[in-house]
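Please look over the sequence and the structure before reading on.

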Amino acid sequence: MRRPGLKHRTGTLSVTRLAALAWLFLVPLLAGCPKEPLQVEPLPPAAQALPWQAYTILAQTAEEKAAAYRIRATVQYETPGNQGHRLNALIWGNPDMPVRLDLFAGVGVLAAQVREDKRNFLLNVPEEQTAYAHRGSNKPLLNIGTPLPFTLESLVYLLCGRFGPVFGYEARLLENPPLRFVLDKSAPVQGVLTLSDTGRPLRWDGSPPSGMPGGIGYGWTLDIAYDDDAPGLPRSLSLVHESGYSALLQIRGRETPPELFPENRLELNLPPQTVVNELGEGG
């Protein structure tokens, strides 16, 4: 989608430049390394199945009650041998796409702006007067020098306690205790989900059991801590990769607007001098 008055050029994003501020860019879904087979049991009856049933009820209820949101957060990330970086984030949107994200490198210093809907992704870097656009269902993944296993859309679902669109609604019990479930292949992400006795997701492990194919989440774990003042909503998301990469997203404030955001509040208007890099189409 070309924008009048803006310069367009095609190309790809530089990993080195974007890693410095946790930009988003397109990466392929990579297969993990298979290991020795492991027997995965179907969901058993009675008590062992109850936590998953509780999870599905929580997930379905969250979808029914989904509302507009405005979230303030901090993002801290580290790469191997690096002291780490910190960004402030403002995320807002309606239950359905689009989602808007503003990243700040300091107090009032706008580092990047993002708008993503079902088919379009736009990243603006004001300081460089440069934007990156992508069209297609193959969503960009967050990146901190190595691809994170989630899209912006998936992270927003997690922050809003909407786990169904991320982890799905079907699984098989792997072991008890702890209550670890292998996510069904129909789930948007693959791996193993650990639940509390009441069905809350506590940890996601992107490395699947032995003998099952891996994906972009191979080597990653996600730990979810909950907010005592907002039952069912995460207080923080902690992502760690076995090679030394990590990212911590902490909620600093939430608002639930009484009405949906109007379309103009979710737009990302680029200044006329912005150079737009077209990243092509995917899916």
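This is a predicted model: local features need pLDDT of at least 70, side-chain atom pairs count only at pLDDT 80 or more; totals for chains, interfaces and linings use all residues.

Residues are numbered from 1 along each chain as its sequence is written, and side-chain values use heavy atoms, with hydrogens and water left out.

## Cores and helix α3

In soluble globular proteins, nonpolar side chains tend to be buried together. A nonpolar core here is a set of buried Ala, Val, Leu, Ile, Met, Phe, Trp, Tyr and Cys residues joined through side-chain atoms within 4.5 Å. Buried means under 20% relative accessible area, exposed means over 50%, and partly exposed lies in between (1.4 Å probe, protein chains only).

The largest nonpolar core holds 56 residues. F150, L158, F167, W204 and L222 touch the most other members. Helix α3 (residues 152–159) gives this core its largest share, 6 residues. Helices (H or I, at least four residues) and strands (E, at least two) are DSSP runs, numbered from the N terminus.

What does L158 touch, leaving aside residues up to four places away in sequence? Its partners are F150, F163, V166, F167, L222, P234 and L237. Contact means heavy atoms within 4.5 Å. A second, separate core has 6 residues, including L122, A133, L268 and V276.

Is helix α3 enclosed or open? Because 8 of its 8 residues are buried, α3 is largely enclosed by the rest of the structure. The buried residues are L152, E153, S154, L155, V156, Y157, L158 and L159. Just after α3, G161 takes a positive phi of about 70°.

## Pocket and cavities

Rolling a probe the size of a water molecule over the atoms shows where empty space is left. The search uses a 1 Å grid over the protein atoms alone. A cavity is a set of points where a 1.4 Å probe fits but cannot get out. A pocket is an open set with protein on both sides within 12 Å along at least five of seven lines. Lining residues have an atom within 4 Å of a point. Grid points are joined across faces, edges and corners, and a volume is the space filled by probe spheres set on the points.

The largest pocket contains about 550 Å³ of space. Its lining has 23 residues, with A62, C160, G161, P231 and L233 nearest the centre. Elements giving two or more residues to this lining are α2 (50–64), β3 (69–78) and β17 (246–255). The largest share, 4 residues, comes from α2. By type, the pocket lining splits into 14 nonpolar, 4 polar and 5 charged residues. Ala, Val, Leu, Ile, Met, Phe, Trp, Tyr, Cys and Pro count as nonpolar, Asp, Glu, Lys and Arg as charged, and the others, Gly among them, as polar.

There are 2 cavities of 30 Å³ or more. The largest cavity has about 260 Å³ of space. Its 21 lining residues include V75, L142, L148, L155 and L249, which lie nearest the centre. Helix α3 supplies the largest share of this lining, 4 residues. The lining divides into 20 nonpolar, 1 polar and no charged residues.

The second largest cavity has a volume of about 70 Å³. Among its lining residues are Y69, E153, V156, Y157, C160 and R162. Here too α3 gives the largest share, 3 residues. This lining counts 8 nonpolar, 1 polar and 3 charged residues.

## Salt bridges

Side chains of opposite charge can pair when their charged atoms come close. A salt bridge is a side-chain nitrogen of Lys or Arg within 4 Å of a carboxyl oxygen of Asp or Glu. The count is 7. The table lists some of them.

| Pair | Closest N to O |
|---|---|
| E63 and R162 | 2.9 Å |
| R115 and E267 | 3.7 Å |

E63 lies in helix α2 and R162 in the loop between α3 and α4 (164–167), so the pair ties together parts 99 residues apart in sequence. E63 is partly exposed at 26% relative accessibility, whereas R162 is buried at 8%.

R115 lies in strand β6 (residues 109–116) and E267 in the loop between β17 and β18 (275–281), so this pair ties together parts 152 residues apart in sequence. Shared partners join R115, D117 and E267 into one network. R115 is buried at 15% relative accessibility. D117 is buried at 15%. E267 is partly exposed at 36%.
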